[in-house]
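Please read it with the structure open.

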Amino acid sequence: MIKIQEKQAIEKLGQSGKEFISLLDVNNLSVEIYKPHLVDKQKPHDRDEFYVIISGSGIFELDGETTPFQQGDFLFVPAFVAHRFVEFSADFITWVFFIK
């Protein structure tokens, strides 16, 4: 059984001093937790990806189109497509799932 608790993942991220950390990489799935600092510097990825917003809100941009997001939202990003969190609140944290 694999279990990742949100609270522990957030604590681990905070202790790392990084904007994101990998929590699981098994078969065709990678799980990360991500909290950008002031600016989201992401580049397109070579795998499909989706986010589930843990906390916070803001504006997400995908291939030039923007949409608001908030806690609990699911955002899907196809491989190789430009995307980023354009604006986000100070409490913004998200799960990141990569599908290989």
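1. Phe92 is buried, with a relative accessible area of 1%; buried means under 20% relative accessible area, exposed over 50% and partly exposed in between, with a 1.4 Å probe and protein chains only. Phe92 forms a tilted aromatic pair with Phe88, 5.4 Å centre to centre and with 40 degrees between the planes. Phe88 is buried as well. Rings of Phe, Tyr and Trp (its six-membered ring) pair if their centres lie within 6.5 Å; planes under 30 degrees apart count as stacked, over 60 as edge-to-face and the rest as tilted.

2. A word on the source. The model is predicted: local features need pLDDT of at least 70 and side-chain atom pairs count only at pLDDT 80 or more, while totals for chains, interfaces and linings use all residues. Residues are numbered from 1 along each chain as its sequence is written, and side-chain values use heavy atoms, with hydrogens and water left out.

3. Phe85 counts as buried, because its relative accessibility is 1%. Ring pairs link Tyr51, Phe60, Phe69, Phe85, Phe88 and Phe92 into a cluster.

4. On the overall fold, the protein has one helix and eight strands. Helices (H or I, at least four residues) and strands (E, at least two) are DSSP runs, numbered from the N terminus. Along the sequence the pattern reads α-β-β-β-β-β-β-β-β. The radius of gyration is 13 Å, close to the 13 Å that the globule rule gives for 100 residues, so the protein is as compact as a globular protein of that length. The radius is taken over C-alpha atoms, and the globule rule is 2.2 Å times the number of residues to the power 0.38.

5. Some totals follow. The C-alpha atoms fill a box of roughly 40 × 30 × 25 Å along the principal axes. Of the 100 residues, 36% count as buried. Among contacts (heavy atoms within 4.5 Å) with a separation of 6 or more, 56% are between residues 24 or more positions apart. The protein exposes about 6300 Å², and carbon and sulfur atoms supply 53% of that area. Accessible areas come from the Shrake-Rupley method with a 1.4 Å probe; for residues, only the protein chains shown count as cover.

6. In the bridge of Glu19 with Lys41, the closest N and O atoms are 3.8 Å apart. Glu19 lies in the loop between H1 and strand E1 (20-26), and Lys41 in the loop between strand E2 (29-34) and strand E3 (48-55), so the pair ties together parts that are 22 residues apart in sequence. Glu19 is partly exposed at 21% relative accessible area, whereas Lys41 is exposed at 57%.

7. Glu61 and Arg84 form another salt bridge, with 3.6 Å between the closest N and O atoms. This pair links distant parts of the chain, 23 residues apart: Glu61 is in strand E4 (residues 57-62) and Arg84 in strand E7 (residues 83-88). Glu61 is partly exposed at 21%, and Arg84 is partly exposed at 34%. Asp46 and Arg47 also meet in a salt bridge, at 3.9 Å from N to O. Asp46 counts as exposed because its relative accessibility is 56%; Arg47, at 23%, is partly exposed.

8. Ile2, Ile4, Val26, Leu29, Phe74, Phe76 and Ile99 form a nonpolar surface patch, with about 580 Å² of accessible area together. Patches are made of residues with over 30% relative accessible area and no salt bridge; like charges are joined within 9 Å, nonpolar side chains (Val, Leu, Ile, Met, Phe, Trp, Tyr) within 5 Å.

9. Ile4 sits in the segment before helix H1 (6-16) and is partly exposed, at 31% relative accessibility. Leu29 lies in strand E2 and is partly exposed, at 30%. Leaving aside residues up to four places away in sequence, Leu29 touches Leu24, Phe97 and Phe98.

Definitions and conventions: Salt bridge = Lys/Arg side-chain N within 4 Å of Asp/Glu carboxyl O.
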